[in-house]
Amino acid sequence: DVMVERAQETFGRFRAGEVRDFHHEMMHLALDVVLATLFGSDAGRAQGIGALLDSATADYRRLGMTFRGAFPRWFPFWSRLRYHWAGWRLRRIVERLVRGRQEKPLTNDMLSRLLEARDEGGVGMTQRQLIDECLTVMLAGHETTALALAYAFDRLARAPEIEARLRQEIQEVVGSRPARLSDIAQLPYTKAVVKETLRIYPPVWAVGRVAERSFSLAGATIQPGMVLVAVPWVVHHDERYYPEPDTFRPERFLNGAAEQLPKGAYLPFGAGPRTCIGNHFAELEMQLVLVTALQRYRFELVDAAPLRLSPSVTLRPAGPIRLRLASV
């Protein structure tokens, strides 16, 4: 319900004929969703969390992906000072929100669940653990979903026939009413569009793992402590598993075709015991947002040039994703 409500608010502000930067818009929508499900209110939005996250993320990229990364961590770049200040401010804001919730009756939001959680010995989380968990969910729970949504809208704008088929499924199942959780099982093509978007543009384009013991891999000896990097982008564009890998074809994920893929050939959320715990949350949010958006608008390219990407911490667009909204 929260996901649909926030999507309706977002697309309700738009007007046919407008040009919007969907990267920017989806970042704000996804953050609204994660704050509402985490804290159960608009408290996070009112505190300016979005602006602080934007600042911290930009400075993190500057520090890790530019010449600044060659300098020692104590070197006082302005971006480093600003990054630490944003982190300090975020912790203080979340600490206040946590204390505020502790003073009120618990509800059904994620923070209440964390406050109720107990380990095998009946011990709950410390204050620091609570704050760390909230910060992690905020950071990891909005940017990746927002990126995938922005890429989905871009691909639909480039493939009107796919957008038309998607809209037909939505009209037959949902019509003009708000989408419900029970609709999802009846929207296989919508789910396929989401999965194909995550295949072509995995927001987490590379995943690192540290070896805990020695073993052999493809003729090489891996020693404990070595860092190995799996790159979903490469796997997802391998012709052995995906014919015409650069072509957007949601049909790849219909009629059980995905179940025939080898294990590890599709891993937008990682794999193994460290698979992202937010995978179902993200896929559900993407499907509900797409349904809500396509009930109102069609999407048209402003610039037909190929999308340029920036593989930093996540797979970001190198510039804005500008799309024009048109009436259905």
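Reply: Let's start with Q287, which lies in helix 11 (residues 279-294); helices (H or I, at least four residues) and strands (E, at least two) are DSSP runs, numbered from the N terminus. Please keep in mind that this is a predicted model, in which local features need pLDDT of at least 70 and side-chain atom pairs count only at pLDDT 80 or more, while totals for chains, interfaces and linings use all residues. Residues are numbered from 1 along each chain as its sequence is written, and side-chain values use heavy atoms, with hydrogens and water left out.

Is Q287 buried or exposed? Q287 counts as buried because its relative accessibility is 3% (buried means under 20% relative accessible area, exposed over 50%, partly exposed in between, with a 1.4 Å probe and protein chains only). Leaving aside residues up to four places away in sequence, Q287 touches I184, L187, T190, K191 and V194, where contact means heavy atoms within 4.5 Å.

Now step back to the whole chain. The chain has 11 helices and nine strands. Its radius of gyration is 21 Å, close to the 20 Å that the globule rule gives for 328 residues, so the chain is as compact as a globular protein of that length (the radius is taken over C-alpha atoms, and the rule is 2.2 Å times the number of residues to the power 0.38). Along its principal axes, the C-alpha trace spans about 60 × 50 × 45 Å. Like Q287, 43% of the 328 residues count as buried. Of the contacts with a separation of 6 or more, 69% are between residues 24 or more positions apart.

Salt bridges are another thing to look for: a side-chain nitrogen of Lys or Arg within 4 Å of a carboxyl oxygen of Asp or Glu. The whole structure holds 21 of them. One of these joins the side chains of E251 and R165 (3.2 Å, N to O). E251 sits in the loop between helix 10 (232-236) and helix 11, while R165 is in helix 8 (residues 160-173), so this pair ties together parts that are 86 residues apart in sequence. E251 is partly exposed at 36% relative accessibility, and R165 is partly exposed too, at 39%.

A second bridge links E95 and R99 (3.2 Å, N to O). These two are four residues apart in helix 5 (residues 78-102), which means about one helical turn separates them. E95 counts as buried at 19%, whereas R99 is partly exposed at 42%. R20 and E25 also meet in a salt bridge (2.9 Å, N to O), and together with E18 they are linked in a network of such bridges. E25 is buried, with 10% relative accessibility.
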